[in-house]
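Here is a note for a colleague who is opening this structure for the first time. Please read the points with the model in view.

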Amino acid sequence: MAITRTARSIVRWVSVHIATGLSTTPDARAGALEAASAAARALNGRPCDLAVLFASGAHLAEPEVTLAAVHEMLGPMTLVGCGAGGVISDAREVEDGTAVSVWAASLGEGEVLPFHATVEELEEGSGALSGLPDLDGATGAILLADPYSFPTDAVLRFLSEATPLLPLLGGMASARTASDGSALFLGEEVVDGGAVGVRLDGVEILPCVSQGAAPIGPELTITAADGHIIGELAGKPALSKLREAIESLSDDDRDLVDGGLLMGIVVDNNKPEYVQGDFLVSGLVGADPDTGEVALGTEVRPGQVVRLHARDATSADRDLHQALSVRMEALGGRQPAGALVFACNGRGSGMFGVPGHDAEAVASELGGAPAAGFFAAGEIGPVGGEYFMHSFTATVAVFAR
C-alpha cells in the first residue's frame, strides 16, 4: 500500500469532552441503554462525535441489539468497538461475566474518520492491505483488531516505516460472538474480521505504554539473528548465554524468574543507558538445545541490546504510576479530558492479587478524568517511535482537553 507524504500543518488543539458509562445488567439491551445513558448525561448536551464500545458476556450473543441501544440513547456520529473478556470503566474493572463499557467523546473542531481494514493474502508471506486510511499528518489513531483474521504484527511494521511517531494505540479483541464470529463493531454493524478504528485530527493524544515486567540481569548485545530467532548473544550461543545470565542473578531475581521469563529488546540504541521504558518486552517462545538458538515473539536484528525481564506486580505498579505521571507533566498543568485504557488480559486480579488495579491507577494519576477500556488479547502502542503489539502492558491513550 503506497502512502503519499504531505506537508504537516500546525495543529490548533480544540476543546475535547469525554464521558463514560458502565453496566453489568444481565439483559443486553437494558445494559447498553444504561451505560449509554450515563455517558450521554455526562456529555451534558454536547454531540457525541465518537463512541468506543467494549462488550462482554450476553452482549456478544446478539451484539446488534447492544449496538442499536447505544445508538438509540447516545446518537454517536462514529462508533467503533470490540468484544472483550473483561471491561474497564473509570476506577472499576469487570474481569468476567456480562458487562458493557461506553466511552463517548465530543471533539469540538476535531475530526474523526472511521475505517475497517482488511488484509487479503496474495501468496505465502505477503498480502494486500485495504481499508486503512493514510495516517500521515494525523494527530492520533485507535486500532482494534481481530486476532484471527488480521496480521497485526505485519501491519504495525508497515506503519512504523510509513508513518512513524504517531500516537497509535489499541488492542486485540479478547472475545468473540456467541456464534464464534469476529466481534468488531463499526457503526451499527458487526463487521467480519480485520480491524476497525479511527483516524483522529486536531485532537491531542499522549501515548502511554507501561510494561508489566521488571528488567533483571546484564544487558547483552545480539550478535547473530534472523527474524524471530536469536542465534548469538555477545558472541556466544544465545541459549548458553541466557543460562549464564540466569545463574548470575540474585536469589530475589531468581524468584521473579519463576513467575515467567521474558526478553526486553531496546528499540532505540541511541542512548547512553537504558531504563525500564526503553525496552520492548517480548515472550521467549522456544529454544533449541542443539543449535543454542532461542525464539522470541517479535523480530530482532544483530546489534540490538537485550535484557532479561520478569513479570513483577510491584514493578508494574510503579511503572504505570510513573508513566502516567510523566504524561501529566507533559500536559503542563492542564487536566486531561479522559483516556482509553487497553490492559493485558494477563493483568487484573491474576497479576496484582486484587481487582481494579490499572483502572484505579489511571483514575488516581489522571485526577479522576473519565476513562474506559478493556482487557485485550494483545495491546498496541508505540515504543521508540515504532508500533508494536505488546503483552502484559497497560497501554493508555491520554486525551488532552
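**Notes on the predicted model**

1. Start with Thr78. Leaving aside residues up to four places away in sequence, Thr78 touches Asp49, Leu50, Ala51, Val112, Pro114 and Val198. Contact here means heavy atoms within 4.5 Å. Thr78 sits in the loop between helix H2 (63-74) and strand S3 (79-83). Is Thr78 buried or exposed? Its relative accessibility is 10%, so Thr78 counts as buried. The cut-offs are under 20% relative accessible area for buried, over 50% for exposed and partly exposed in between, with a 1.4 Å probe and protein chains only.

2. A word on the source. This is a predicted model, in which local features need pLDDT of at least 70 and side-chain atom pairs count only at pLDDT 80 or more, while totals for chains, interfaces and linings use all residues. Residues are numbered from 1 along each chain as its sequence is written, and side-chain values use heavy atoms, with hydrogens and water left out.

3. Next, the helix pair. Helices (H or I, at least four residues) and strands (E, at least two) are DSSP runs, numbered from the N terminus. The axes of helix H1 (residues 28-43) and H2 come within 8 Å and cross at roughly 30°. That makes H1 roughly parallel to H2, because angles under 35 degrees count as roughly parallel, over 145 as roughly antiparallel, 65 to 115 as roughly perpendicular and the rest as oblique. Axes are lines fitted to C-alpha atoms, for helices over the stretch in contact, and angles run from 0 to 180 degrees between N-to-C directions.

4. Look at the residues between these helices. On the H1 side they include Ala28, Leu33 and Leu43. On the H2 side, Val65, Val70 and Met73 are among them. The residues of the contact divide into twelve nonpolar, two polar and two charged.

5. Now the open sheet. Seven strands form it in the order S8-S7-S13-S9-S10-S24-S25, with mixed pairing. Two strands pair if DSSP finds at least two bridges between them. Strand S8 (126-130) and strand S25 (386-390) are the edges, and each pairs on one side only. Neighbouring strands of this sheet are turned by 25° against each other on average, direction ignored.

6. Helix H3 (residues 152-162) packs on this sheet. H3 touches strand S7 (111-123), S8, S9, S10, strand S24 (379-383) and S25. The direction of H3 makes about 165° with that of S25. Within the sheet, strand S9 (residues 140-145) and strand S10 (residues 168-172) pair in the parallel sense over five bridges. Ile142 stands opposite Leu169 in S10.

7. Strand S16 (residues 229-233) deserves a separate look. S16 pairs with strand S15 (residues 213-226) in the antiparallel sense over four bridges. Ile222 stands opposite Leu233 in S16. S15 and S16 form a hairpin with two residues between them, and Gly227 in the turn has a positive phi of about 65°.

8. With strand S20 (residues 293-296), S16 pairs in the antiparallel sense over two bridges. Ile230 has Val294 in S20 as its bridge partner. Two bridges also join S16 to strand S17 (residues 236-237), again antiparallel. In that hairpin, with two residues between the strands, Ala234 takes a positive phi near 55°.

9. Finally, helix H8 (residues 357-365). Its buried residues include His357, Asp358 and Val362. Just after H8, Gly367 takes a positive phi of about 65°.

Terms used. Nonpolar A, V, L, I, M, F, W, Y, C, P; charged D, E, K, R; others polar.
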